[in-house]
Amino acid sequence: MGSNGTTRVVMLGTGTPRPDPNRSGPATAIVINETPYLIDFGPGVVRRATAAFEKGERALGFSGVNIKTAFLTHMHSDHTIGYPDLILTPWVMGRSEPLQVYGPKGIAAMTENILKAWQIDIDGRVNGLDQKNTTGYKVNVHEIAPGIIYRDCNATVTAFPARHEDMVDSFGFRFDAPDRVIVISGDTTPTQSLLDHSRGCDVLIHEAYSMDTYHRVSPSAQDYRRRHHTSSVELAEIANEVKPGLLVIYHRSNMGGTPTSADSEDVLLNEIQDRYKGRVVSAHDLDIL
Ligand SMILES: [Zn+2]
Ligand SMILES: [Zn+2]
């Protein structure tokens, strides 16, 4: 766990739009040759990166200053509310390189609007007594289409289309690192493209909801789930077909409209393990896999 040199996954946020204090918004770091790559920047991302650093995951740097490359699965707010934090806080803490961000159509406009929204802060820090560097708050944005979207000496990253109903421009990502293939589903219903990109991978990080909660939400919420997400039964079928070395569940849908409902993590895990006999874990924030 977390040993130097090996590719590892750091779960920074395993939550959903529902604000669970124990689960930050979706954010996952993949560390390859001690270089971090971030996928999604939900609320809390920089504080979770700092917690991971303080727990010993030094590759991220204090406050995530070493995170220089980030990928976005889709434009939903639960995956993007941490974006201004990711742009500004590590810069204030010392990052001097611009962020490289790869994401769907709309990410360029969002970036421009964030920089405009925080212009008074940026001007003040650059020109005032703070004397921050003039480069680290900048972002090089790359709007992506399916295919290979990134390559360096550590990894090749392939984007493949997710199916997330009205969020047409949604992606999952496959990371080919020297020692591991890691696939992250993004938010999606089951798709052929996920099967094609994750067959035989070492780690499949996948969203899911339990049938237990599905049967307890309203018909309209059930409909929403079917059009946007993947059930435990569907995920077990996917896992049986692609046979990942390790299946990691994140972004578990919670009950709608019942903020005090019990955590259904064990129920979800049992539903999957009844149908799938491979290795599976339900991830928590700050897990390293
Ligand atoms: Zn989401
Ligand atoms: Zn979503």
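**View 1. Arg58 over the ring of Phe53.** A charge sits over a ring if NZ of Lys or CZ of Arg is within 6 Å of the ring centre and within 35 degrees of the ring normal. Here the charged end of Arg58 is 4.0 Å from the centre of the Phe53 ring. Keep in mind that this is a predicted model, where local features need pLDDT of at least 70 and side-chain atom pairs pLDDT 80 or more, while totals for chains, interfaces and linings use all residues. Residues are numbered from 1 along each chain as written, chains are lettered from A and ligands numbered from 1 in written order, and side-chain values use heavy atoms, with hydrogens and water left out.

**View 2. The zinc ion (ligand 2) and its donors.** His74 (NE2), His76 (ND1), His164 (NE2) and Asp187 (OD) coordinate this ion at 2.1 to 2.4 Å (donors are N, O and S atoms within 2.8 Å of the metal, or 3.2 Å for Na, K and Ca; water is not among the atoms, so sites may look incomplete). Asp187 also coordinates the zinc ion (ligand 1), 3.4 Å away from ligand 2. Both His164 and Asp187 are buried (under 20% relative accessible area, 1.4 Å probe, protein chains only).

**View 3. Phe71 and its ring partners.** Rings of Phe, Tyr and Trp (its six-membered ring) pair if their centres lie within 6.5 Å; planes under 30 degrees apart are stacked, over 60 edge-to-face, the rest tilted. That rule gives eleven aromatic pairs. Phe71 and Tyr102 are stacked because their centres are 5.2 Å apart and their planes at 20°. With Tyr150, Phe71 goes edge-to-face, at 5.6 Å and 85°.

Terms used: Buried means under 20% relative accessible area, exposed over 50%, partly exposed in between (1.4 Å probe, protein chains only).
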